[in-house]
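Try each task before you read its solution.

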Amino acid sequence: MEIKSLAVVPEYFDNVFDSLYSEWGDNNPNYWKEWIKTSMNEVTIPITFVVLNNKDYVGTFSLWNCDNLARQDLSPWVGGIVVDKKYRGQGIGLYIQHQIKKILFSMKIKKAYLFTELNNFYEKTGWTWTDDSFDEKDHKVKLYELEIKE
């Protein structure tokens, strides 16, 4: 498996859009297309990555300056983590988490954040629950932080 910046492999734009929109879209496709376009950088945040297996699209994740608008005091954010449905249950989510740590370390980022409604997933890879917050739809979410050591 390999991780590439979407800016390097823009032919996967539609795959990333379909993944993000099917998970979080709410009759707002232009919003998500613009979100993705503005994170098509190669080495700086905001940046979106694709996960590939022999050129097959497996999933996506991003590093953003802000993901939870209620917590603009925190940055950077890891978000948009989606494993394609046909690859779920194969440990890809954990693989992505390990790759995220390596990428953050290479960028010399010492701390990152994410929010989720999931229980007992991110703790497996070193994320620590820090607080509860609310997303843009007023859903209560769990706020996590990850300290990057190596």
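**Exercise 1.** Sort residues of helix H2 by side, starting with the exposed ones.

*Solution.* Keep in mind that this is a predicted model.
- Step 1: within H2, which spans residues 29–37, the buried residues are Trp32, Trp35 and Ile36. These three share one side of H2 because their arc around the axis is only 95 degrees.
- Step 2: in general, an α-helix has 3.6 residues a turn, so residues three or four places apart point the same way.
- Step 3: the packing partners of the buried residues of H2 are helix H1 (13–24) and strand S3 (56–64).

**Exercise 2.** Is Thr48 buried or exposed, and which side chains does its own side chain meet in polar contacts?

*Solution.* 
- Step 1: find Thr48 in strand S2, residues 47–53.
- Step 2: its relative accessibility is 1%, and the cut-off for buried is under 20%, so Thr48 counts as buried.
- Step 3: the side chain of Thr48 has a polar contact of 2.6 Å with that of Ser39, and another of 2.7 Å with the side chain of Ser62.

**Exercise 3.** Describe the largest pocket and its lining.

*Solution.* 
- Step 1: the largest pocket holds about 900 Å³ of space.
- Step 2: it is lined by 35 residues, with Glu23, Trp24, Ile81, Thr116 and Tyr122 the closest to its centre.
- Step 3: S4 gives the largest share of the lining, six residues.
- Step 4: by type, the lining has 18 nonpolar, nine polar and eight charged residues.

Key
Residues numbered from 1 in each chain as written. Predicted model: local features only at pLDDT ≥ 70, side-chain atom pairs only at ≥ 80, totals over all residues. Heavy atoms only, no water. Buried < 20%, exposed > 50% of the residue type's maximum accessible area, 1.4 Å probe, protein only. Helix = DSSP H or I, 4+ residues; strand = E, 2+ residues; numbered from the N terminus. Arc of directions from axis to C-beta. Contact = heavy atoms within 4.5 Å. 1 Å grid on protein atoms, 1.4 Å probe; cavity = no way out; pocket = protein on both sides within 12 Å on 5 of 7 lines; lining within 4 Å. Points joined across faces, edges and corners; volume = space filled by probe spheres on them. Nonpolar A, V, L, I, M, F, W, Y, C, P; charged D, E, K, R; others polar. Polar contact = N/O pair within 3.5 Å; in protein donor to acceptor, adjacent residues only side chain to side chain.
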